[in-house]
Structure formats: C-alpha cells, structure tokens
Amino acid sequence: MTPAPTLTLQLPTYASYGTWLSDDWRRILDLAVIAEDEGVDRLVHVDHVVMGPNPQQYEWGNFDIPPDAPWLECLSVLAAVAAVTSRVRLSTRILIAPMRPAALLAKTAATIDQLSGGRLDLGVGTGWQKEEFDAEGLDFSARGRILTDTIAACRELWGESPATFTSETVGFEDIYCSPKPAQERLPIWFGGVLHNRNLRRIRELGDGWIPIMTANVEDVRQGAARLAALEEQPPLGRWQVLASAIVGVDASGRPDLARTMDSVPELLEAGATDIHVSLGAVCRNPEKAGDAIGEIVRRFQGAVQ
C-alpha cells in the first residue's frame, strides 16, 4: 500500500517574515505547537551558518535577503522544537552538511533523534556561497566531495562500533560514537539539481530527493522518473520526493494560499511524495500565522483526497 502524501511546513525565518521574529525568536516554538496540533506532518528549518556580502550570487532564483539578516542555527532550532512537540517530524531543508565536521554532525543528529523519540529527517546539500566556506577554512570547490564523504561517514558512525572510515576528506579508525539514532535508519534527503552525482548519493546513502525551491512541475516529473529508473531501491522501500508547492499570487501580486495549494495535485501526479509549504511565502502577516497554518492543512487534506 502506498503511503499517503505528507505535508511539510517551513518554520519562519528572516526570509519568511522580515524582522518580526527577531523581537522574540521563541514565537517559532509557539508556531511549532500550533502546527502539530493542526496536523502538519513535518516541520523544517533552513540553514546558513554565516553570510557573505553578496547573497545575490544565488543562481536559482531571487535571494533578496540582506547579508546581515539573522539566521538561527537550524539543528538547535529543531532540538528546541523537539522539546515542545511529541508527534510532528523534524527536518532540515537544506542543512549545509559540509559546514559541520562529520563526527559532530553524527553526534548532533543522533542526539536530536533520541531526544525527539526518532522524529528527525536530514535534508542536506552542498551550499552555494563561497564566503561561507571561506569563513570555516573549507575548500568551496570540493564541497560536493565533502558532502558525500560527510554523509557516508555519518552512516558509518551510526552503525556498529567501533567505526572505521576512509575517504578523500574524512577519515577515522576505531571510533565510538554513541548514542546511535533512535531510528533504525535515519532518513537523509539530498537537495539540489538531480545530476548524476546526486543520483549516486541518493542511491548509495540517501532516502529521497528535495528539488530546488524554484523547481516546476515538469522538473519534478523528470527527476522522479530518473529516480524510478534506478536499479536499486533504498532500505525504506522507495525514493521520497519533497517538492515545494508553487506559490500562486492574486491579481495584485500578493501571495494567494488557495492558488498555491492548487499546485499540489499536479506535483503529486508528477511524482512528488511529500509537499513542502513555506509559511512565510503564503502568509505575510505574523498575526495571522496560526490561522494560516490551519488553512494550509485543510487545503492540503482537500487536495490529496
């Protein structure tokens, strides 16, 4: 039996709501509780460790966030959300995994998974901002290799102990990393364009794919078809595809939730298994955020029936 599609809600960031959250970042936790109560399946938070002076270098769409905008560290946010929720899954979209040493990422993810009762998914990617890598003394040109090695090392550290791993950028011998994740297999979704290298990552290390934010229905269809053509299948039984609802606008150019959710059936027909909605993209008034979450859930449920 095919599992029902799930609804993923992106928690507010600077990109979503401007600066209103900076007065009291704990509002994120209030919204997480509302989302769980309303029936959202998964909550995600985005990631940037630091920002360089040229965010306009983002090549997949409009990135109009000033470089001095505040960004909460996403794994810390998920740990806090885990403490105030009990059912909703927690995820990153997208964690720039190369920015974290493999052993530290493995430990942090396992800790959150244990404390949340096995509710963590990791959406990971390479990142796109050279200055962010420069700030940590990392080779930006090697970010793809570092991503692959980091996730492969995490898989080893989450397995039997002691763990030994050797690659171009990560290596250790007879290392113990405990506790292990609560889940038998912690799901990892690779984000970005579905080129051959990403296909290999998904086949060998992952459980799903997260198309870029600006992906349209045809992009999702082509990517899902490429995944379906892979000879091997992941341990969870199929490849997940977390596609973003395509934001619709009204006659005045303002975000329109109804038109946005109208894209859900098309995306599911194209091969998406899970739908992502950014709360800030469809609700610009923070005072109405709670009501917007309920409406998102109701419209999603209506779209998948």
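Tutor: Just after helix H4, Gly117 takes a positive phi of about 75°, where helices (H or I, at least four residues) and strands (E, at least two) are DSSP runs numbered from the N terminus. The model is predicted, so local features need pLDDT of at least 70 and side-chain atom pairs count only at pLDDT 80 or more, whereas totals for chains, interfaces and linings use all residues. Residues are numbered from 1 along each chain as its sequence is written, and side-chain values use heavy atoms, with hydrogens and water left out.

Turning to the helix itself, H4 covers residues 102–115, and at 1.5 Å a residue its 14 residues should span 20 Å, which agrees with its end C-alpha atoms being 20 Å apart; the expected span is 1.5 Å times one less than the number of residues. Within H4, the residues Ala102, Leu105, Ala106, Ala109, Ala110, Ile112 and Asp113 are buried, that is, under 20% relative accessible area, with exposed meaning over 50% and partly exposed in between (1.4 Å probe, protein chains only). Seen down the axis of H4, these buried residues fall within an arc of 165°, so they line one face of the helix, the arc being that of the directions from the helix axis to the C-beta atoms. An α-helix has 3.6 residues a turn, so residues three or four places apart point the same way.

As for the cover, the elements in contact (heavy atoms within 4.5 Å) with the buried residues of H4 include helix H3 (74–84), strand E4 (95–96), strand E5 (120–125) and helix H6 (143–157).
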